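User: Hi! I'm new to reading protein structures. Could you walk me through a few features, one at a time?

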Amino acid sequence: MVASIELKRYTKIMILGLIWESTVGIFCRGKSTELEVVSVPECDSVDSNHFANSDNLNYSETNSKRVSLDRWNLTSQKLIDSFPLDPIKENYVRQVRDCIFSAVHPEPFTSAIKLVAVSKEVVEDLLDLDLSITETKEFIRFVSGVQILPGSVPLTHRYGGHQFGVWAGQLGDGRAHLLGAYTNRHGTRWELQLKGSGKTPYSRDGDGRAVLRSSVREFLCSEALNYLGIPTTRAASLVVSNDDVKRDQFYNGNVRNEKGAIVLRVAKSWFRFGSLEILAYSGETELLRKLVDFIIKLHFPLINVTSSNRYLEFFSQVVTDTSYLIAQWMSVGFAHGVCNTDNFSVLSITLDYGPFGFMDFYDPNFVPNTSDDESRYKIGNQANVGRYNLDKLRNALKSLLNPKQQLLTEQILKGYPELYQTKLMELFRAKLGLIGHDNNDDYLIAYLLKLMEDTRADFTMTFRQLSEITQQQLAANSISEEYWAIQDLTRHKKFSYWIKLYLSRLNRNKLDTDEARKTRMKDLNVIISFKGVNPRYILRNWMAESAIKKSERNDFSEVRFLKKVLRHPFNKQTDAEDAGYSSRPPSWATELRVSCSS
């Protein structure tokens with residue numbers, strides 16, 4: 001048994017110093033476009049039990065799905081009725097005031113466009129459309145911004161933000177158009193947005209376009225996180241053109257032409273921390289009040305919108321939900337890459353997929369974004385950055401609060417580290433199959449992470465293989481090549497010591513069996529409201545890169561294949577195994593770089 005003084009010392013150093021490394025102390029209109037209608041193979045089948053961040057939509061084949069966009073009720077009216085629009089109708093880059101949205105039409109591509117991937121689940125279950133509609137010119141014109149449907153008034157959103165710790169002023173939708181909202185047969189309201197659809201008043205020096213490589217990554221990862229059970233925006237479709245988009249990918253003077261693409265994104269709301277910040281910084285207090293009241297009324301039904309404390313309750317809920325979201329990111333080794341306040345959702349969903357990355361080997365200093373020279377958004381700093389961003393949200397709300405309420409928001413924010421740590425420990429206990437709570441659990445978890453860091457053991461597969469191997473094999477140190485990630489751990493001289501601690505802790509799970517533990521570590525865990533615990537497949541950078549390289553040669557088969565595999569990340573799949581998706585990452589994977597240039 002480890003001495004209690006050693007436990008305390010190592011616990012503080014490792015659990016606070018590794019996985020939440022730096023929380024110590026704060027803890028159409030336009031030109032004609034050629035359309036190509038292609039038959040897009042189904043990316044997945046419908047799962048009637050789970051989807052869309054734990055919304056159970058009780059999918060039934062008896063519910064009709066539309067095979068035409070005629071009378072499909074997409075509308076912008078609620079947003080237009082609720083807020084003043086930018087009075088300037090011309091589309092040119094400028095500073096905008098006293099509004100939330102500017103009305104701007106998408107700019108369609110001028111060359112041939114092709115629909116190359118769809119999410120059947122989004123199309124059918126969220127939007128009530130039959131998958132067959134995706135093979136029509138009507139649908140392709142819609143998702144590429146060529147055709148504006150009746151009831152839709154395309155809007156671009158004005159917001160600001162702190163970028164890499166500095167107030168950047170006005171930002172806004174520089175290449176995105178909100179087409180409107182659709183309320184589906186289950187009463188759930190979804191807002192549809194095109195990304196990569198042309199210039200807006202908020203484009204700054206940009207061209208309003210998104211390139212193929214970043215669009216493939218966004219399409220795949222927004223859907224992949226959803227299937228992992230993590231709150232996120234969704235992706236309905238991916239359209240590719242032959243238009244040239246010039247990009248200096250790594251900001252080294254090497255400008256090249258890339259293909260343009262558009263993703264149809266779906267979310268319950270696109271409002272961000274920066275949506276409130278821009279109004280606070282501009283002194284538009286009444287418009288800020290109107291916006292927050294709108295958000296509360298539409299998205300926070302448990303808060304009384306007439307209560308004098310509604311902004312306190314709103315802030316408290318966002319603090320809690322944000323802490324939980326980042327804990328979920330960490331539990332699967334996901335690093336957002338650009339955790340600016342304009343990329344943090346007030347609904348605490350994963351928003352804006354730029355240079356994100358899943359860790360291969362465990363490294364708290366993992367930085368997915370090569371543009372992040374100071375490693376501000378390394379994975380070990382995400383929780384700290386979350387707290388920083390929440391503080392900026394708190395400042396944005398100040399003008400709506402009296403002095404006593406302002407002090408209370410400070411107290412609420414002080415509770416963030418404990419909320420985060422509690423959720424994170426809950427998730428990692430589940431990852432190790434632990435039942436209940438033990439005072440030494442944080443030490444056990446931190447010790448494992450230290451072994452993983454020292455041996456560069458694979459993060460995802462270490463936990464997955466621990467869910468597949470038997471306790472008897474662990475006790476006998478009988479680790480076959482099948483468990484290659486655990487084999488890497490065995491090189492550490494303290495591995496046997498950790499195994500003894502782990503098996504001893506498992507033996508305190510009364511009335512438990514090894515098979516029950518293994519099932520618990522892989523499958524649905526209702527206690528933490530997670531779709532699963534330890535995935536076998538994640539969207540590794542090398543997998544996305546392989547799909548992108550093929551896409552650049554007009555071969556989108558791997559994009560569709562990855563979408564299909566990542567829809568069931570917890571289930572072992574023969575095709576995915578053959579593709580090496582659960583094998584040791586190839587050596588060239590370590591050389592991959594992803595930047596903000598998209």
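Analyst: Happy to! Let's begin with a helix pair: the axes of helix α9 (residues 382–397) and helix α10 (residues 403–414) come within 11 Å and cross at roughly 170 degrees. Axes are lines fitted to C-alpha atoms, for helices over the stretch in contact, and angles run from 0 to 180 degrees between N-to-C directions. Helices (H or I, at least four residues) and strands (E, at least two) are DSSP runs, numbered from the N terminus. This is a predicted model, where local features need pLDDT of at least 70 and side-chain atom pairs count only at pLDDT 80 or more, while totals for chains, interfaces and linings use all residues. Residues are numbered from 1 along each chain as its sequence is written, and side-chain values use heavy atoms, with hydrogens and water left out.

User: How is α9 oriented relative to α10?

Analyst: Angles under 35 degrees count as roughly parallel, over 145 as roughly antiparallel, 65 to 115 as roughly perpendicular and the rest as oblique. So α9 is roughly antiparallel to α10. Contact means heavy atoms within 4.5 Å; here Arg387, Leu390, Asp391 and Arg394 of α9 meet Gln406, Thr409, Glu410 and Leu413 of α10.

User: At what angle do α11 and α12 pack?

Analyst: Helix α11 (residues 416–431) and helix α12 (residues 441–455) pack at about 70 degrees, their axes 10 Å apart. They are therefore roughly perpendicular to each other. Met425, Phe428 and Arg429 in α11 touch Asp441, Asp442, Ile445 and Leu449 in α12.

User: Is Arg158 buried or exposed?

Analyst: Buried means under 20% relative accessible area, exposed over 50%, partly exposed in between (1.4 Å probe, protein chains only). Arg158 counts as buried because its relative accessibility is 2%. You will find Arg158 in the loop between β4 (155–157) and β5 (160–163). A polar atom of its side chain lies 3.0 Å from the backbone oxygen of Val96. Leaving aside neighbours within four places in sequence, the contacts of Arg158 include Asp98, Tyr202 and Glu284.

User: How many residues are in the largest nonpolar core?

Analyst: A nonpolar core is a set of buried Ala, Val, Leu, Ile, Met, Phe, Trp, Tyr and Cys residues joined through side-chain atoms within 4.5 Å. The largest one has 124 residues, and Leu276, Phe314, Leu432 and Trp498 have the most contacts inside it. Helix α8 (residues 310–331) supplies the largest share of this core, 10 residues. A second, separate core has 29 residues, among them Leu127, Tyr182, Leu194 and Val239.

Methods:
A polar contact is a pair of N or O atoms within 3.5 Å; within protein, one must be able to donate a hydrogen and the other to accept it, and residues adjacent in sequence count only if both atoms are side-chain atoms.
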